[in-house]
Amino acid sequence: MSDIFPRWTNKIPLMVGVAAAVVLPTVIAGITYYFTPKYTRVGYQPKQPVAFSHAIHSDQLGIDCRYCHSDVDKSWFSNIPSSETCMRCHSIVAKDSPKLSLVRESYSSGKPIPWVQIHKTPDYVYFNHSVHVNRGISCVKCHGEIQKMDEVHHAKPLSMGFCLECHREPEKHIRPNDLVTKLDWNGEFDGKKAVHDWKVQPGQSCSTCHR
Amino acid sequence: MASPGKSAAVKAPEPPAELVREPLVLNNRPLGWITDAIAGVCEKPMPVWWWPAFIISVGGMITMFSLIAYLVSTGVGVWGLNQPADWAWDITNFVFWIGIGHAGTLISAVLFLLRQKWRTSVNRAAEAMTIFAVACAGIFPVFHTGRVWFALLPGYLFPAPNANEIWPQFRSPLLWDVFAVSTYGTVSLLFWYVGLIPDLATLRDRAKGWLRRFFYGLFSLGWTGSNRHWSNYEKAYLLLAGLSTPLVLSVHSIVSFDFAVSVVPGWHTTIFPPYFVAGAIFSGFGMVLTLLIPLRSLFKLEDVITLRHVELMCKVLLATGSIVGYAYGMEFFIAWYGGSPYELYAFKNRAFGPYWWSYWAMISCNVISPHFFWFKKLRTSVVFVWIVSIFVNIGMWFERFVIIVTSLHRDYLPSSWGYFTPSWVDVMTFVGSFGLFMTLFLLFIRFLPVIAISEVKGVTPQADPHHPLGGAKGHH
């Protein structure tokens with residue numbers, strides 16, 4: 001049928017095949033890399049109104065996470081400390097530092113410091129801090145090595161896959177309850193036994209988190 | 001083929017009179033007439049009735065797509081379904097359309113393997129109908145998911161690695177259904193297309209304008225009719241027939257699992273797979289007759305789609321309709337014999353509960369109407385057959401409605417009983433799906449040969465070189 005189609009058109013199926021073999025994996029790889037929380041969320045580091053350093057407070061001074069985030073083991077919500085909490089020390093330590101002017105202002109006016117929230121669970125996800133913290137899941141598991149950060153950034157993807165990884169194998173992530181806030185702890189622990197003894201039953205059905 | 005001179009000299013022995021089969025193409029039509037008659041349908045301008053029919057169908061199709069846009073932008077609440085009947089017209093329409101598709105596969109694959117030569121006159125249109133019906137069927141389960149964009153993401157409907165690290169529930173027949181229906185759609189489309197290639201080449205060779213030549217040439221894939229082409233073609237056709245044959249049984253079996261695997265009284269029965277398959281073939285042949293009876297007279301194809309074809313399809317309706325009737329009876333018997341009060345209640349409620357009208361509509365259309373076809377006189381009256389075929393379509397829609405809605409609206413807990421009423425969006429979406437179906441079918445008539453030209457030629461008497469007419473009148 002050379003009078004309808006020139007000879008080179010015989011190669012079209014091959015060309016389409018080759019193009020598809022190149023384009024399709026590229027598109028899939030691109031979406032997998034650029035469109036997932038590992039890329040879109042990890043590394044988020046907004047500028048905070050006060051240059052508070054977790055590295056100094058937690059790592060150098062060894063203040064327990066729960067000194068400031070005092071409700072994390074009692075509530076679904078891990079509270080951001082009020083400026084009163086800051087002033088417990090800073091009315092004595094570095095009390096005239098210009099870096100702390102906003103804290104002092106907030107303390108006297110009662111208007112909260114406008115911290116920028118970094119870790120956000122979507123509104124269709126139910127997440128409870130206390131149930132995790134009281135069953136040997138350390139802060140570091142979801143927030144990364146906060147104690148080494150001068151300025152906090154989003155360290156873990158916090159994707160659904162990230163949650164499920166731990167819900168499927170909690171024994172790999174669990175640690176002794178009293179070491180939950182020891183962020184740099186790296187000891188041996190019988191996770192299987194703890195999961196059994198503490199009756200840890202992380203749900204995997206949709207309604208565990210999507211209530 | 002024998003030379004014309006030889007046929008006069010050698011006479012084939014005449015078979016005994018009572019064994020003579022009615023020919024599949026009447027009036028000793030020569031091969032050239034067959035090509036002209038069938039290719040002519042899509043070469044000449046469409047008759048006057050085609051345009052109003054097409055405009056009405058497109059109107060229906062646009063209505064359906066607009067209402068789907070309304071559904072997606074607003075939510076599934078625009079349909080009337082709600083607790084306790086979470087499935088209603090959506091799944092009814094899905095099963096209705098997917099069932100209609102079954103005649104195409106049965107005719108094209110099973111009858112091909114069983115060497116039923118009469119299939120050649122009806123298989124092309126039946127396969128086209130199958131594909132269009134599957135397209136209509138697919139719309140309903142996809143859009144009843146509500147946030148339909150999730151259906152496209154990996155991990156929800158189709159298993160693929162994804163950032164959520166979830167997989168669909170492999171133990172759910174709803175997932176098997178995704179595979180069953182998409183496999184069915186793909187294989188049907190391939191089968192239809194492979195069968196079309198020789199005819200597309202015929203149309204290409206007859207084409208006048210460059211546009212037709214280009215498109216028919218493109219899709220006929222350089223077919224020249226050489227021996228090698230035919231040999232490859234027939235092997236491919238046989239393989240596809242072999243692949244499609246299990247699908248005739250599997251697709252509707254799996255559709256029935258959507259219900260039978262659950263524990264809802266009225267759904268949880270082992271008879272469902274064969275009962276659904278029989279019902280699907282029943283409804284499919286009903287739709288084939290509804291479409292082909294007008295088609296053969298409007299395009300003067302009575303010599304190719306003969307009364308014998310109509311009669312044979314009526315016999316299929318009779319057989320499958322009887323199976324369906326038996327299944328209705330057996331369901332009631334088992335509901336009583338099984339001794340489960342819930343099951344028994346579900347069936348009593350079907351026949352005498354608030355949806356009694358749908359049950360008796362189903363019984364009168366599906367159980368009574370096919371039994372007219374015990375009589376040859378009625379089987380060969382095309383007007384009568386056409387009317388009955390419409391009743392079969394109506395009855396089979398009601399069957400799915402009865403199964404789905406009457407089982408759901410009253411289950412174990414009387415405090416949560418309810419009554420489903422469709423919303424206007426339900427009704428118009430379903431009506432619109434006929435618009436989509438008919439739009440596609442009218443375009444098929446407009447652009448493609450409605451009967452498999454090359455296959456019909458193969459079953460004419462003159463195609464047989466040993467036949468007295470072989471090669472003589474048939475040569476063109």
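1. A word on confidence to start: pLDDT is the predictor's confidence in each residue, from 0 to 100. You are looking at a predicted model, and in chain A the mean pLDDT is 92, with 99% of residues at 70 or more. Among the elements of chain A, helix α7 (residues 129–133) has the highest mean pLDDT, 95, while helix α2 (residues 37–40) has the lowest, 90.

2. Next, the layout of chain A. Its domains are domain 1 (7–35), domain 2 (54–80 + 117–209) and domain 3 (81–114). Between the C-alpha centres of domain 1 and domain 3 of chain A there is a distance of 59 Å.

3. Now for the place where the chains meet. Ten residues of chain A are in contact with seven residues of chain B. On the chain B side, those residues comprise three polar, two charged and two nonpolar ones.

4. Helix α5 of chain B is worth a visit. This helix covers residues 102–113, twelve in number, and spans 16 Å from first C-alpha to last, close to the expected 16 Å.

5. How many of the twelve residues of α5(B) are buried? Ten are, so the helix is mostly covered, where buried means that 20 or more other C-beta atoms lie within 10 Å of the residue's own. Among them are His102(B), Thr105(B), Ile107(B), Leu111(B) and Phe112(B). The cover over these buried residues includes α4 (89–100), α6 (123–143), α8 (173–206), α10 (227–260) and α11 (272–298) of chain B.

Key:
Residues are numbered from 1 along each chain as its sequence is written. Chains are lettered from A and ligands numbered from 1 in the order in which they are written. This is a predicted model: local features need pLDDT of at least 70, side-chain atom pairs count only at pLDDT 80 or more; totals for chains, interfaces and linings use all residues. Two residues are in contact if their C-beta atoms, placed from the backbone, lie within 7 Å. Ala, Val, Leu, Ile, Met, Phe, Trp, Tyr, Cys and Pro count as nonpolar, Asp, Glu, Lys and Arg as charged, and the others, Gly among them, as polar. Helices (H or I, at least four residues) and strands (E, at least two) are DSSP runs, numbered from the N terminus. The expected span of a helix is 1.5 Å times one less than its number of residues. Domain bounds come from an automatic or database domain assignment.
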